[in-house]
Amino acid sequence: MKETENNVWEILHQTALSAPKKSGVYLWKNSEGSVIYVGKAVNLKNRLTSYFSGKKDIKTASLVKNAVSIEYITTPNEYEALILENNLIKKHMPRYNISLKDGKTYPMIRITNEKFPRVFKTRYMVSDGSKYFGPFPNGEALAAFMDFVDKYYPLRKCRKLVHRDFPCLYYHIGRCSAPCSGKVSVEKYMEYVKELSTIIEKSETKEFEDVILKLESKMKESAENLDFEKAGMIRDGINALKGLSSRNLVEDFDLDARDYISFYTEGMLISFIVFKMRGGQLSQRDLFRVTSMNNPDELMGEFICSYYGKNSDIPPYIFVSSDLNLDLIRRWFKEELNVRVSIMLPVNKKHQAVMSMATLNAKEDVIRRKREEADTLALEELKAALSLEKLPHRIEGFDIAHIGGNLPVASLVSFFDGNPDKKNYRTFRLKTTEGIVDDFASMREAAARRYTGILNSGGELPDFILIDGGAGQVSAVKGILNALDLEIPIAGLAKEDEEIYLPGQSNPVKLPRNSAALRLLQRVRDETHRFATTKNQNLRTKENTETIFKKLPGIGPKKALVLFKEFVSLENFCAGDPEIISSILKCSPEAAEKLLKAGRNLLSEREEKIRHLKDYDLGGHPNK
């Protein structure tokens, strides 16, 4: 049972690692296929991988434990993700999301269908010919924009237009043109409405910059005429409008049911995406992975005939990304299913944008499939090339980093099914080889600490071990494995000729340069090297900053920190004034002089060491 849970956990983790670094929405599903959590992310990969690292609260731990799969939908931006998340939560009511029992939607702007229209904020749609814009998740920006509309456009405020002999206070303070008293013509009033409607419409298109430029021109004109109050109102309106300027692809006011179908193909790999818009909302995404030898021109027709059946949810409108054979498909719907469907290419910008999002999701899935296929191919090739008994799902790699024996560090990286598994990365601050150059001893210490620890804790052993080095390093680690009675396949990858060294074999294995197995081993080896040298450099930085002051006589951690904050480096300290040092440390001038002398001695020793270390590279090996 525990092994099954571990396998599910690994599958979820790999799904997270393979997610794109794009904005979107992700859905966690349980064994019954029900959605148990919906979330949004600016970066899907970063957000999903965060579930598998660090300490988790009870809710997150329970979510991960009860999930068996993760799906995601990429979106053009965070705004779209926010709207889509809201819609999907309402549809699925996931147990780990906040319950939206009030059914609220994001607010919209409504322009009523009247002789003298009203403009106001609302959360509800009425089918009376009114015009709607939005929805807008940024409530503060919408409130600020409506405040600008209220002050800048003299539109009526009263809910019901009743004839008055004398206009109300809003007319006298310039907030209403008083259509109730005949103070404005229909034509003039509609000019205000049309201008406002155009501003909101263009705020959701590429023409947004033109809108801003026109408003800025009016603001400057008002300022030049010394009407600073009006200029300020326009400025506030511009700022609010910028907060609303995002196109919404996943929710609109077209209540007609419609599907968007797109696909992406590379070689025999084809992924189809179906976006279902129902009630003005993107309510479902269907993904289908297929392989086909068919000509791309025939794929759309073949898929549609397979996807829709007699009991299918067939909408009146279907938008497709390819217009080939559409007449045949229409005939098939009519004769086989006895339904009339409008099947067409997306023509206007709204439909084209949704189709582009569908195509992007299909492409992302093909990329993911290629990566999965390549990883499996590399593992199978590695198994055959090195005569391994089983597929090396988990590979661990070791490398050593030091500068002439100074601050030696061993790195351990872990790959699962060809992908880095960073939660299992480790570093070892080596104790037995401090101050000496002995990579073999360093490898022995790192391997002994790693696998003794796993045996003591009952952890998971790797299927294969890769050493950054040749026969000597491999032999050193093999000796440790033998001592621990572990039968784990091991190999070394030497940098110069990319040769693979196996224990007990004098001749290395050479794989073709374009070999998938060799590329995988190179990735593991390069990652171990990067991880080791990064850790070593961090230690050297620390050694050369505040810790260097701890080597001065009579200086403990607190005083070392005081000196570091004041001087930062040993060089600055040695160039310091004894009186300043005496004042900082509250010691006698004589004691300060002794500290300075000790500091200069340390500086000389370090400079000598640096001159000596120039003969070594970052891996601790002599330069040629």
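Colleague: In which sense do strand β1 (residues 24-29) and β3 pair, and over how many bridges?

Modeller: Strands of a sheet pair through backbone hydrogen bonds, in either a parallel or an antiparallel way. Here β1 and β3 pair in the antiparallel sense, over six bridges. Two strands count as paired if DSSP finds at least two bridges between them. Strands (E, at least two residues) and helices (H or I, at least four) are DSSP runs, numbered from the N terminus. Within this pair, Lys29 stands opposite Ser69 in β3.

Before we go on: this is a predicted model, where local features need pLDDT of at least 70 and side-chain atom pairs count only at pLDDT 80 or more, while totals for chains, interfaces and linings use all residues. Residues are numbered from 1 along each chain as its sequence is written, and side-chain values use heavy atoms, with hydrogens and water left out.

Colleague: Which strands form the open sheet of three, and in what order?

Modeller: The order is β2-β1-β3, with antiparallel pairing. At the edges are β2 (35-41) and β3, each pairing on one side only. Neighbouring strands are turned by 20° against each other on average, direction ignored; axes are lines fitted to C-alpha atoms (for helices over the stretch in contact), and angles run from 0 to 180 degrees between N-to-C directions.

Colleague: Which strands does helix α4 lie across?

Modeller: Helix α4 (residues 78-92) lies across β1, β2 and β3, and it runs at about 165° to β2. Look at Thr15 too, whose place is in helix α1 (residues 2-17). Thr15 touches Ile70 and Tyr72, leaving aside residues up to four places away in sequence; contact means heavy atoms within 4.5 Å. Thr15 and Ser69 are 54 residues apart in sequence, yet 8.3 Å apart in space, C-alpha to C-alpha.

Colleague: What is the order of the open sheet of five strands?

Modeller: Follow β9-β8-β7-β10-β11, and you will find mixed pairing. Its edge strands are β9 (281-291) and β11 (342-344), each of which pairs on one side only. Here neighbouring strands are turned by 15° against each other on average, direction ignored. Strand β8 (residues 269-278) and β9 pair in the antiparallel sense over ten bridges, and Phe275 stands opposite Arg285 in β9. Helix α11 (residues 326-336) packs on this sheet, touching β10 (317-320) and β11, and its direction makes about 160° with that of β11.

Colleague: Which residues line the largest cavity?

Modeller: Rolling a probe the size of a water molecule over the atoms shows where empty space is left. A cavity, on a 1 Å grid over the protein atoms alone, is a set of points where a 1.4 Å probe fits but cannot get out, and lining residues have an atom within 4 Å of a point. In this case the lining is Tyr72, Thr74, Arg285, Asn361, Glu364, Asp365 and Arg368. About 40 Å³ of space lies inside.

Colleague: What is the mean pLDDT of the chain?

Modeller: The mean is 80, and 85% of the residues reach 70 or more; pLDDT is the predictor's confidence in each residue, from 0 to 100. Over residues 99-104 the pLDDT is below 50, and this stretch has nine contacts in the model beyond near neighbours in sequence. Residues 612-624 also have a pLDDT below 50, with 28 contacts beyond near neighbours in sequence.

Methods: On a 1 Å grid over the protein atoms alone, a cavity is a set of points where a 1.4 Å probe fits but cannot get out, and a pocket is an open set with protein on both sides within 12 Å along at least five of seven lines; lining residues have an atom within 4 Å of a point. Grid points are joined across faces, edges and corners, and a volume is the space filled by probe spheres set on the points.
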